Amino acid sequence: MQINRELEEIWAKTYKYIKDNIQEPEILSTFFKPLFINRYDKDKKSVFIKLPSIYYYEHIEAHYAKLLKSALEKVLGPGIKINYEVPQPVKKKGNKSKILLGHTDQIPENAPLTVPPNYAETIKNPFVIPGIKKVQLDSNLNKELSFEDFVVGKNNEYAYIAGKEVVNNPGHKFNPLFIYGNSGLGKTHLVHAIGIAIKQANPRLKVLYVNASAFKDQYSTHVLNNKRLDFLYFYRQMDVLIVDDLQVWENAAGTQSIFFDIFNDLLLHNKQLIFTADKMPSDLKKMDERIISRFKSGLEVEILPPDYEMRVKLLKHKAEKDGLKLDKTIIDYIAQEITSNIREMKGVLVSLQFQAINLKKEITLELAKEVVEKLTIKYKRDISVDKIAELVAKYYNIPKEKLSEKTRKRDIVQARQISMYLAKKYTKTSLSTIGRKIGNKDHSTVLHSYKVVSDLLKTNKKFKLELEEIEDLIRRN
């Protein structure tokens, strides 16, 4: 029988090879330091590695199986066979534990989410700041963002219906639910509303809303304090997990790794997962492909920029809720000027309310114009004519230089007209300069283009939606 020192020496050499090939110290300390070789059969060239739990098995197999095999072959020679020994409680006579051996053993379906005994007393709530009195987990849901205050229109109807279905059957209908769309369109409001409704219907469920940035910061803090597993086990206790603004994880490999483990466990046990991002899953280019594939196993639904009718509806609802009396001409003006961002529209109303109550001003169309102008002036100052032309060309997948060519091709002419319209709207550049920079035209062409685009906006809904998407591009650049 081998003595432990031999096995310890084999593992020490293996660990050194692994350490030389992994840059992240937290990965080493979390996933490889707790491991050890329990047995080594020289005749069969089989190594038996003891793992603390099934979660190590899943993670190492998914991420580091090739590296571990290379390391062992470096120490023990080619052809080595790796077997894992993982204690995993399953239902069977005598209530004994089964040992999973090797790569091909099946994980019992609906296996309980167990916490190792030595962690039972030490798991910390990531939402409790050290030094502050500990409190029971709060769902982090904003009670003001309920379904009762969510305005439904053509732009968000499908997302709303999906959310209601999830409330009726969390964990089973549309799981995971992935809601995407540009910033300021109401994604956060909707997921809060879903969480609130689930909690009201099922008070015992552990429902948690967390912004992706906060999740990322919590994870970093726990890694620095060598508390990664505490973090892992805390999130595995949730019945409904809502993560907002996932796009911030695109360059965070460590956060994606821990999230993948949490995601798998919750999904396996029919826990409801709800996510938001500013783009659809397939456009999250720097996100782990395995995570993307799991997003796609559920329902993806988009929230679009509100059309004119929806913007009017939103403004009326917000004004009525805040007790703000607005003339129809004021509401129409705001709805026409702010086309793609609900948050900005609400910002205008907040400013008008402040001036009416605190400064005792009468809310007139002139005052509304002043407020809107102040809100949008940064775009007029920062964006250039060239940048607008570049973004329009990019949106329509046309080389920018084509906008200056003498051609009657409809797609290029329309892109040029849109560029002129937006340059007039978002910059203080003279009409003659706009014409010279976009197609080497005179000021009358710019005026004509502005009228053509303005008329199309009134009659063509598809064109209107395209323009709103381009304007959002301008605002974000």
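1. Start with helix H7, residues 212–224, in this predicted model.

2. Which residues of H7 are buried? They are Ala212, Phe215, Gln218, Tyr219, His222 and Val223. These cover an arc of only 135 degrees around the axis, which means they share the same side of H7. An α-helix has 3.6 residues a turn, so residues three or four places apart point the same way. Asp217 and Leu224, by contrast, are exposed on the other side of H7.

3. Have a look at the two ends of H7 as well. At its start, a side-chain oxygen of Asn211 comes to within 2.9 Å of the backbone nitrogen of Ser213. Just after the helix, Asn226 adopts a positive phi of about 55 degrees.

4. On to the packing. The largest nonpolar core has 62 residues, and the members touching the most others are Phe32, Ile49, Leu241 and Phe295. Take Leu241: setting aside residues up to four places away in sequence, Leu241 touches Leu208, Val210, Tyr235, Ile262, Leu266, Gln272, Leu273 and Ile274. Apart from this core lies another one, of 26 residues, including Val385, Val453, Phe463 and Ile470. In soluble globular proteins, nonpolar side chains tend to be buried together.

5. Asn155 deserves a point of its own. This residue is found in the loop between strand E4 (97–100) and helix H5 (157–168). Is Asn155 buried or exposed? Its relative accessible area is 6%, and buried means under 20%, so Asn155 counts as buried. Beyond its neighbours within four places in sequence, Asn155 is in contact with Glu302, Ile303, Leu304, Pro305, Pro306 and Met310. With one of these, Leu304, there is a polar pairing: the Leu304 backbone oxygen lies 3.0 Å from a polar atom of the Asn155 side chain.

6. Last, confidence. The protein chain averages a pLDDT of 79, and 84% of the residues score at least 70. Where does pLDDT stay under 50? One such stretch is residues 88–123, for which the model has 63 contacts beyond four places in sequence. Another is residues 129–135, with 5 contacts beyond four places in sequence. Note that strand E4 (97–100), named above as one side of the Asn155 loop, falls in the 88–123 stretch with pLDDT under 50.

Notes. Residues numbered from 1 in each chain as written. Predicted model: local features only at pLDDT ≥ 70, side-chain atom pairs only at ≥ 80, totals over all residues. Heavy atoms only, no water. Core = buried A, V, L, I, M, F, W, Y, C linked by side-chain atoms within 4.5 Å. Buried < 20%, exposed > 50% of the residue type's maximum accessible area, 1.4 Å probe, protein only. Contact = heavy atoms within 4.5 Å. Helix = DSSP H or I, 4+ residues; strand = E, 2+ residues; numbered from the N terminus. Expected span 1.5 Å × (residues − 1). Arc of directions from axis to C-beta. Polar contact = N/O pair within 3.5 Å; in protein donor to acceptor, adjacent residues only side chain to side chain. pLDDT = per-residue confidence, 0-100.
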